[in-house]
Amino acid sequence: MPSIRTALIGCGKVGQIHAAALRELPESEFVAVCDRDAARAGAFAERYGVQPFTDVADMIRSAKPQAIVVCTPHPLHAEAVILAAQAGVSALVEKPLAASLADCDAMLTASRNAGAKLAVISQRRLYEPVQRMKTAIDAGKIGTPMLGVFSMFSWRDQAYYQSDPWRGKWATEGGGVLVNQSPHQLDLLLWFMGEIDEITGCWANLNHPYIEVEDTALAMIRFKSGGLGSIVTSLSQKPGIYTKVHIHGSNGASVGVETDRGATFIAGVSEIAEPPRNDIWTIPGEEGLLAVFRDQDRKQFRAVNATNHYHALQIQDFLQAVRDDRPPLVTGDDGRAVVAMFTAIYRSQNERRAIKFPFEA
Ligand SMILES: NC(=O)c1ccc[n+]([C@@H]2O[C@H](COP(=O)([O-])OP(=O)(O)OC[C@H]3O[C@@H](n4cnc5c(N)ncnc54)[C@H](O)[C@@H]3O)[C@@H](O)[C@H]2O)c1
């Protein structure tokens with residue numbers, strides 16, 4: 001099978017993880033990078049042996065990629081995807097898909113009209129403990145998933161927010177912990193629990209006076225299945241404690257994952273320090289498996305570079321989806337569903353009411 005001509009937009013922190021995968025994967029012929037900062041584009045180009053550009057349209061015209069990965073700040077994702085789609089080029093976008101539903105809809109429409117694939121990164125779906133939960137839930141081992149709980153007690157300091165001028169501001173980041181750190185677990189909650197009926201939410205900035213956006217948000221969810229959900233997500237605990245997703249079923253059994261121990265890692269700055277692990281598993285007859293899972297997960301963690309490995313798996317899935325003309329593991333619509341979730345939480349606080357789904361963008 002011929003490989004796919006690939007290019008990267010946004011030569012920043014997470015861009016390093018994508019570039020390494022695009023260089024290594026057999027499905028990828030890595031041809032170009034683009035950053036509006038010429039020095040960054042040049043440094044990446046030299047390191048990965050590809051052509052540098054500072055303008056997306058120019059790169060698409062000249063380097064003729066068939067697929068791009070988008071690693072720019074969230075409010076800039078739409079511009080790159082739409083330009084690519086207009087040239088028939090498929091896109092894998094870093095999370096969140098965009099900072100607004102209007103941007104998501106424009107990206108989805110442009111991609112559909114062009115017959116191009118649109119996918120969004122949610123690499124924690126590929127963590128072994130998360131895959132194990134999905135398999136058990138789909139096999140009916142907890143009955144119907146009835147109660148989904150996402151809790152994050154993490155930390156970001158002033159240096160993090162000052163590391164790039166776009167961070168911590170409504171105009172250039174689109175939000176705080178909900179938009180930047182939580183999309184992974186919001187996506188897992190939806191993946192496990194299904195579609196949302198309504199959300200009530202609120203947010204605050206508890207201890208980051210030097211940023212505009214929220215560092216903490218809470219929400220109550222009613223799912224279309226009749227199940228319930230709860231979210232407490234925060235960057236206000238120093239040191240960070242954990243990030244978990246727990247799913248409780250109609251037969252009383254529960255499965256759970258600690259996706260992150262301590263503070264969540266910062267791509268390009270810190271590494272994943274400890275293996276993700278199942279922390280609850282009360283499926284009848286399987287109670288003794290937690291120790292076995294933990295042993296397997298520790299071995300896997302030692303065998304791979306976890307910070308890069310799960311991104312590479314998802315990038316590979318995306319390239320195979322383009323090659324084989326099938327949907328990617330995490331679609332543009334999945335990305336939109338996460339953006340709808342955080343949009344509803346903001347709207348719920350502004351309007352002091354529950355937000356019924358679907359709602360106007
Ligand atoms: N999946 C994950 O675990 C993960 C981790 C970190 C970041 N991210 C996501 O990746 C995206 C980027 O985050 P980051 O930390 O790498 O940011 P960053 O600031 O380190 O890098 C962004 C890069 O984009 C470039 N850029 C900005 N506007 C551009 C434009 N119009 N055209 C071309 N280049 C442009 C900047 O010059 C910069 O080099 C964000 O959406 C973030 O949420 C995801």
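A cavity is a set of grid points where a 1.4 Å probe fits but cannot get out, and its volume is the space filled by probe spheres set on those points. The model examined here is predicted.

**Exercise 1.** Determine how many cavities of 30 Å³ or more the whole structure holds, and state the volume of the largest.

*Solution.* Step 2: the volume of the largest cavity is about 60 Å³.

**Exercise 2.** Describe the lining of the largest cavity by position, element and residue class.

*Solution.* Step 1: the lining comprises 13 residues, of which V120, I121, P183, D187 and V338 are the closest to the centre. Step 2: the elements contributing two or more lining residues are α9 (183-193) and α12 (332-351). Step 3: sorted by class, seven lining residues are nonpolar, three are polar and three are charged.

**Exercise 3.** Which residues line the second largest cavity, and which element gives the largest share of its lining?

*Solution.* Step 1: the second largest cavity has a volume of about 50 Å³. Step 2: its lining is formed by E128, P275, P276, D297, Q300, F301, V304, A306 and Y310. Step 3: at least two lining residues come from each of α10 (289-303) and α11 (306-324). Step 4: α10 gives the largest share, with three residues. Step 5: by class, this lining has six nonpolar residues, one polar residue and two charged residues.

Note on methods. Residues numbered from 1 in each chain as written. Predicted model: local features only at pLDDT ≥ 70, side-chain atom pairs only at ≥ 80, totals over all residues. Heavy atoms only, no water. 1 Å grid on protein atoms, 1.4 Å probe; cavity = no way out; pocket = protein on both sides within 12 Å on 5 of 7 lines; lining within 4 Å. Helix = DSSP H or I, 4+ residues; strand = E, 2+ residues; numbered from the N terminus. Nonpolar A, V, L, I, M, F, W, Y, C, P; charged D, E, K, R; others polar.
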